[in-house]
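Reader: Could you walk me through this fold, taking the sheet, the helices and the charged pairs in turn?
Author: Gladly; here is the structure to look at while we talk.

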Amino acid sequence: MSGSFGTTHSEERKAARQDLERLKKEHNFLEPDRGDLDDPNIKWRFSKPDYTQANLEYMKGKTKNHPAGSLELVVENLVKRWEMEASHFQDLDQWTTINKEKYRAQANGGQVFSAEETWKVGNYNWLMAGCKKELYDAEKEDFESSHRHFRGAFTKGFPWEVLEVFSGPPTVAFSWRHWAHFTGQYMGSQGAGELIELYGFGVVELDEYTKITALNIYYKPDEFVEALKGDISPDKLSKGKALVGPGCPYVQSINSHSNGV
């Protein structure tokens, strides 16, 4: 769940901002709210992130347009703010989205990580801790190397959206979609602009102050890495196929014949 991959050159950023403002005006899109990134008290891991390109890719590729005030948009912005803090804040005590003492994060029912552990290893490594080691060995990666791999693969950002919310606070259950065009390199594999999509489910526990105490994410990381390495076609991940399967072969056969395929 990582959306901002550093900064772009000033001219590119200016052009992206113009496109972004146009889309906001034409389609009544809302820019993600990640909090006040201009707060001078924030201690950044490296430097203040610029989300212009990431927000543009989000608006160009999202499948939902949740209205202002909706539970879906509230959840989406909470997760985006949490991702920003996890990826860019140097000081764990400055995180505003979590209850640091109670916070626990887990992917696919695997290893449970504390706030300190997630801050140390980074989002990618705890999210992919259960991945087959021959595909991605999280124990051999650190915060910097993991971000370097995926920022190198997705040079224009890795947008994320909430699809549906199934229950409200304090237990928030939701489905989500993560996507990007593979325009860079991933561990020696060169992308050609293929669309890589991830679908999954999340359950967030919130305390009385709307701070996250537990985060459980469910998805299939193995197929994601296999697509990046060229072992499988990215089409096998599209529209949630990695989660729900390709559908009934009989129905597929009927649809193919009816479409003249």
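**Sheet, helices and charged pairs**

Author: Helix α3, residues 71-88, lies across β3, β4, β7 (194-206) and β8 (212-218), and its direction is at about 130° to β3. Please keep in mind throughout that this is a predicted model.

Reader: Which strands does α2 lie across, and at about what angle does it run to β4?
Author: Helix α2 lies across β3 and β4, and it runs at about 100° to β4.

Reader: What is the strand order in the open sheet?
Author: The order is β2-β1-β8-β7-β4-β3, which makes an open sheet of 6 strands with mixed pairing. The edges are formed by β2 (112-114) and β3 (160-167), each of which pairs on one side only. On average, and with direction ignored, neighbouring strands of this sheet are turned by 20° against each other.

Reader: How many bridges join β4 to β7, and in which sense do the two run?
Author: Strands β4 and β7 run antiparallel and are joined by 12 bridges. As one example of a facing pair, histidine 181 stands opposite leucine 195 in β7.

Reader: And what do β7 and β8 form?
Author: They form a hairpin with 5 residues between the two strands, and in the turn threonine 210 has a positive phi of about 60°. The pairing of β7 with β8 is antiparallel and extends over 6 bridges, with glutamate 205 standing opposite alanine 214 in β8.

Reader: How does β1 run relative to β2, and how many bridges join them?
Author: Strand β1, residues 104-107, runs antiparallel to β2, and 3 bridges join the two. Within that pairing, alanine 105 has phenylalanine 113 in β2 as its bridge partner.

Reader: Back to β4 for a moment: is serine 175 buried or exposed?
Author: Serine 175, which lies in strand β4 (residues 171-182), counts as buried because its relative accessibility is 12%, and the cut-off for buried is under 20%.

Reader: What does serine 175 touch, leaving out residues up to four places away in sequence?
Author: Serine 175 touches Glu161, Val162, Leu163, Glu164, Phe166, Gly200 and Phe201 once those residues are not counted.

Reader: Switching to phenylalanine 224, where is its place, and is it buried or exposed?
Author: Phenylalanine 224 is in helix α7, residues 221-229, and at 2% relative accessibility it counts as buried.

Reader: Which residues is phenylalanine 224 in contact with, leaving aside its neighbours within four places in sequence?
Author: Apart from those neighbours, phenylalanine 224 is in contact with Met128, Phe150, Phe154, Phe158, Ile196, Leu198 and Leu237. For leucine 198, the C-alpha to C-alpha separation from phenylalanine 224 is 7.0 Å in space, although the two are 26 residues apart in sequence.

Reader: Now the charges: how many salt bridges does a search of the whole structure find?
Author: The search finds 16 salt bridges. One of them brings together the side chains of arginine 17 and glutamate 21, at 2.8 Å from N to O.

Reader: Why are arginine 17 and glutamate 21 separated by about one helical turn?
Author: Because they are 4 residues apart in helix α1 (residues 10-27), about one helical turn separates them. Arginine 17 is partly exposed with a relative accessible area of 29%, and glutamate 21 also counts as partly exposed, at 36% relative accessibility.

Reader: What about lysine 48, which residue does it form a salt bridge with?
Author: Lysine 48 forms a salt bridge with aspartate 38, and their closest N and O atoms are 2.6 Å apart. Lysine 48 and aspartate 38 each lie in the loop between α1 and α2 (52-61), so the pair ties together parts that are 10 residues apart in sequence. Lysine 48 counts as partly exposed at 38% relative accessibility, whereas aspartate 38 is exposed, with a relative accessible area of 57%.

Reader: And in α2 itself, how far apart are glutamate 57 and lysine 60 along the helix?
Author: Glutamate 57 and lysine 60 are 3 residues apart in helix α2, about one turn, and they form a salt bridge whose closest N and O atoms are 3.7 Å apart. Glutamate 57 is buried, with a relative accessible area of 12%, while lysine 60 counts as exposed at 55% relative accessibility.

Reader: Which residues do salt bridges that share partners join into one network?
Author: Salt bridges that share partners join Arg17, Glu21, Lys24 and Glu31 into one network.

Technical notes: Residues are numbered from 1 along each chain as its sequence is written. This is a predicted model: local features need pLDDT of at least 70, side-chain atom pairs count only at pLDDT 80 or more; totals for chains, interfaces and linings use all residues. Side-chain values use heavy atoms; hydrogens and water are left out. Buried means under 20% relative accessible area, exposed over 50%, partly exposed in between (1.4 Å probe, protein chains only). Contact means heavy atoms within 4.5 Å. A salt bridge is a side-chain nitrogen of Lys or Arg within 4 Å of a carboxyl oxygen of Asp or Glu. Two strands pair if DSSP finds at least two bridges between them. Axes are lines fitted to C-alpha atoms, for helices over the stretch in contact, and angles run from 0 to 180 degrees between N-to-C directions.
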